[in-house]
Amino acid sequence: MTKRHVSLPPLAEEGLRAFIDEVDERLSGDEDTCDVVTDVLVDLHGDRDAYERWQDGADISPAERVRLQGYDPCNTTLESEYYAEKDEERFKRSKHLQWLWRQFDATPMADNVEFALRFRRMLADHLFDSCGEGCRFFKGITFTYGHNIEVGDNVVVHDDVHLDDRGRLTIGNRVSISDDTHVYSHDHDAVDQTHVDNYHTIIEDDVRLTYDSMVRAGVKVGENAILAAKSIAGKDIPAHHVAAGTPAKSLTVKDGWESVAEPIEGANVDRRAERQLSADLPDNLEQFDEFQRDLSPPDHE
């Protein structure tokens with residue numbers, strides 16, 4: 001079923017366009033990103049008066065101070081900030097942009113679809129490594145960094161999707177990613193969960209990742225393939241295949257694509273090792289083991 005065109009009233013459209021253009025211009029300029037993000041969030045949350053009073057030295061409660069300080073991404077931390085192998089220089093900016101994306105989603109305006117889709121698409125140009133035309137990003141999408149993501153044209157990412165780019169994530173053209181889907185680019189060692197391997201995960205053109213599915217790190221989902229709802233892809237899915245299950249296996253080929261698709265038998269091959277990424281840690285890194293456990297197996301010398 002096709003969708004219908006929906007538009008905002010002229011005055012609402014005018015205000016929307018002016019706001020998005022202003023934020024885009026400020027993020028593209030030489031202004032400090034923290035300052036831009038702070039200003040935008042203060043106004044979107046309707047807290048300008050309280051913020052200005054605080055800046056002028058007025059007495060405020062500890063709770064108010066925490067709230068007002070939190071608009072500035074420089075006063076926050078994200079989980080990915082603790083990852084030892086992150087690119088420090090790129091993360092300085094992507095952290096601020098990711099904070100704006102997440103905190104925008106906490107405002108009532110995030111439910112105004114016409115406004116929110118265009119605002120997030122503008123942010124994607126600044127946050128992602130690259131982003132094509134006509135992309136739509138719905139509410140509650142999360143990333144690891146954002147700057148290791150490449151997105152093609154006319155991609156749709158629905159509510160509450162996690163796009164992990166601790167490694168590298170490439171999403172092709174016309175990809176549809178349904179609600180609650182998780183796409184990973186890092187994996188933990190089975191014995192020592194503090195050891196992480198990063199991968200390049202690839203979602204090719206015209207793929208559909210359906211509701212609550214998961215793509216493991218380093219997997220390639222081939223062109224025009226479908227990963228069924230609640231399935232987990234741990235091995236490659238060939239082009240034009242429909243895969244389902246945990247672990248996902250190719251069940252059939254899409255009607256009309258049989259002549260160009262690989263056979264079902266033996267279709268799902270684990271090629272993750274080919275897409276593993278190397279990570280150089282700083283020599284002066286002070287490592288933190290949050291678990292503090294001796295994980296030496298008793299059967300290994």
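**Close-up 1. Lining of the second largest pocket.** Lys3, Arg4, His5, Val6, Ser7, Leu8, Val113, Glu114, Leu117, Arg118, Arg136 and Phe138 line the second largest pocket of this predicted model, where local features need pLDDT of at least 70, side-chain atom pairs count only at pLDDT 80 or more, and totals for chains, interfaces and linings use all residues. Residues are numbered from 1 along each chain as its sequence is written, and side-chain values use heavy atoms, with hydrogens and water left out. A pocket here is an open set of points on a 1 Å grid over the protein atoms alone, where a 1.4 Å probe fits and protein lies on both sides within 12 Å along at least five of seven lines; lining residues have an atom within 4 Å of a point. The space in this one comes to about 420 Å³, counted as what is filled by probe spheres set on the points. Helix H6 supplies the largest share of the lining, four residues; helices are DSSP runs of H or I with at least four residues, strands are E runs of at least two, and both are numbered from the N terminus. Sorted by class, the lining has five nonpolar, two polar and five charged residues (nonpolar: Ala, Val, Leu, Ile, Met, Phe, Trp, Tyr, Cys and Pro; charged: Asp, Glu, Lys and Arg; polar: the others, Gly among them).

**Close-up 2. H1 against H6.** The axes of H1 (residues 10–28) and H6 (residues 113–127) come within 10 Å and cross at roughly 15 degrees, with axes fitted to C-alpha atoms over the stretch in contact and angles running from 0 to 180 degrees between N-to-C directions. The two helices are therefore roughly parallel to each other, a label for angles under 35 degrees. On the H1 side, the residues that meet H6 include Phe19, Ile20 and Val23, while Phe115, Phe119 and Met122 are among those on the H6 side; contact means heavy atoms within 4.5 Å. The tally for this contact is nine nonpolar, two polar and four charged residues.

**Close-up 3. Inside the largest pocket.** Here the space is about 990 Å³. Of the 37 lining residues, Tyr82, Tyr83, Ala84, Arg166 and Thr194 lie nearest the centre. Elements giving two or more residues include helix H5 (88–104) and strand S10 (186–188), but S11 gives the most, with three. The class count is 13 nonpolar, 14 polar and 10 charged.

**Close-up 4. Around Lys254.** Lys254 sits in the loop between strands S18 (249–253) and S19 (276–277). Leaving out residues up to four places away in sequence, Lys254 touches Asn224, Ile226, His240 and Val242. His240 is 14 residues from Lys254 in sequence, yet their C-alpha atoms are 5.7 Å apart.

Definitions and conventions: Angles under 35 degrees count as roughly parallel, over 145 as roughly antiparallel, 65 to 115 as roughly perpendicular and the rest as oblique.
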